[in-house]
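Please prepare a careful briefing on the fold and the pocket of the chain shown here, grouped by topic.

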Amino acid sequence: MKNLRFTLSLVLLSLATVAFAQTDAQKSFATVKSLAGEWEGSVTVPEAPEMSGAKMHLSLRVTSRGNALVHEFQEAGTPLDATKYDHPVTMLYVDGDQLTLIHYCDAGNRPRMTGKTLPDGKTVEFELKDISGSTAMHMHHSVFTIIDANHHTEDWTFMMKDKPIHAHFDLQRTKDAGVVASK
């Protein structure tokens with residue numbers, strides 16, 4: 001009887017641990033959600049030097065009761081004008097057991113990528129899964145790397161007729177965002 005109670009307790013404890021354990025996708029999503037806020041920085045595009053040095057503003061907003069993250073880029077210092085189509089929108093969310101990113105691209109398509117946190121715990125890499133719309137030009141790959149609470153980088157690879165174009169964004173949290181790095 002004592003062995004039966006012990007075994008039953010062990011089984012219940014194991015089930016409770018499984019029920020409350022976060023999946024890899026949920027952990028990866030928590031990592032990118034920690035970036036919520038306003039960011040500014042420059043972009044470097046080796047294949048298009050004329051685009052390098054542009055100052056960008058990034059807004060990352062948690063929405064849908066914490067189930068989605070809205071990612072919007074625009075040129076820094078420009079007003080958010082609903083009558084212009086000057087910035088792409090990317091949505092990140094957990095879909096089943098995968099962290100999913102859908103990029104609503106200026107190229108008129110919607111690449112879908114799946115992501116995972118790399119072993120360093122600070123980098124989330126997204127690989128192309130499929131595309132809705134034209135595939136001639138599309139976003140193909142992205143990597144978010146957290147340097148600290150107020151600094152992160154994003155690397156995006158855009159495919160233009162099978163030729164990769166890399167954009168590296170070095171972003172600092174804006175001071176008015178109310179988040180300060182913990183020391």
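**Pocket lining and fold**

Strands β3, β9 and β10 each supply at least two residues of the lining of the largest pocket, where helices (H or I, at least four residues) and strands (E, at least two) are DSSP runs numbered from the N terminus. The model is predicted, so that local features need pLDDT of at least 70 and side-chain atom pairs count only at pLDDT 80 or more, whereas totals for chains, interfaces and linings use all residues. Residues are numbered from 1 along each chain as its sequence is written, and side-chain values use heavy atoms, with hydrogens and water left out.

**Largest pocket**

- A pocket is taken on a 1 Å grid over the protein atoms alone as an open set of points where a 1.4 Å probe fits, with protein on both sides within 12 Å along at least five of seven lines, and lining residues have an atom within 4 Å of a point.
- About 670 Å³ of space lies in the largest pocket, the volume being the space filled by probe spheres set on grid points that are joined across faces, edges and corners.
- The lining of this pocket comprises 27 residues, of which M51, D106, M139, A167 and F169 are the closest to its centre.
- By class, 17 of the lining residues are nonpolar, 7 are polar and 3 are charged, with Ala, Val, Leu, Ile, Met, Phe, Trp, Tyr, Cys and Pro counted as nonpolar, Asp, Glu, Lys and Arg as charged, and the others, Gly among them, as polar.

**Overall architecture**

- The chain contains 2 helices and 10 strands, and read along the sequence these elements follow the pattern α-α-β-β-β-β-β-β-β-β-β-β.
- In the order β1-β2-β3-β4-β5-β6-β7-β8-β9-β10, the 10 strands close into a barrel with antiparallel pairing, two strands being paired if DSSP finds at least two bridges between them.
- From one strand to the next, the twist averages 25 degrees, with axes fitted as lines to C-alpha atoms (for helices over the stretch in contact) and angles running from 0 to 180 degrees between N-to-C directions.
- Helix α2 (residues 24-33) packs on the sheet and touches β2, β3, β4, β5, β6, β7 and β8, and its direction makes about 145 degrees with that of β4; contact means heavy atoms within 4.5 Å.
- Of the 183 residues of the chain, 36% count as buried, where buried means under 20% relative accessible area, exposed over 50%, and partly exposed in between (1.4 Å probe, protein chains only).
- Among the contacts in the chain with a separation of 6 or more, 37% are accounted for by residues 24 or more positions apart.

- Strand β1 (residues 37-44) is joined by 6 bridges to strand β2 (residues 55-63), and the two run antiparallel.
- Along this pairing E38 stands opposite S59 in β2, G41 has M56 as its bridge partner, and S42 has K55.
- Strand β1 is also joined to β10 by 6 bridges, again in an antiparallel arrangement, and here T44 stands opposite H168 in β10.
- Strands β2 and β3 pair in the antiparallel sense over 8 bridges, with L69 in β3 as the bridge partner of V62.

**Turns and positive phi values**

- The hairpin formed by β2 and β3 has 4 residues between the strands, and S64 in the turn has a positive phi of about 55 degrees.
- R65 is found in the loop between β2 and β3 and has a phi near 55 degrees, a positive value in a residue other than glycine; R65 is exposed, with a relative accessible area of 87%.
- K161 is found in the loop between β9 (151-160) and β10 (163-173), where its phi is near 50 degrees, again positive in a residue other than glycine; K161 is exposed, with a relative accessible area of 65%.

**K129 in β7**

- K129 has its place in strand β7 and is partly exposed, with a relative accessible area of 44%.
- Leaving aside neighbours within four places in sequence, K129 is in contact with Q98, R112, M113 and T114.
- The C-alpha atoms of K129 and G115, which are 14 residues apart along the chain, are separated by 9.8 Å.
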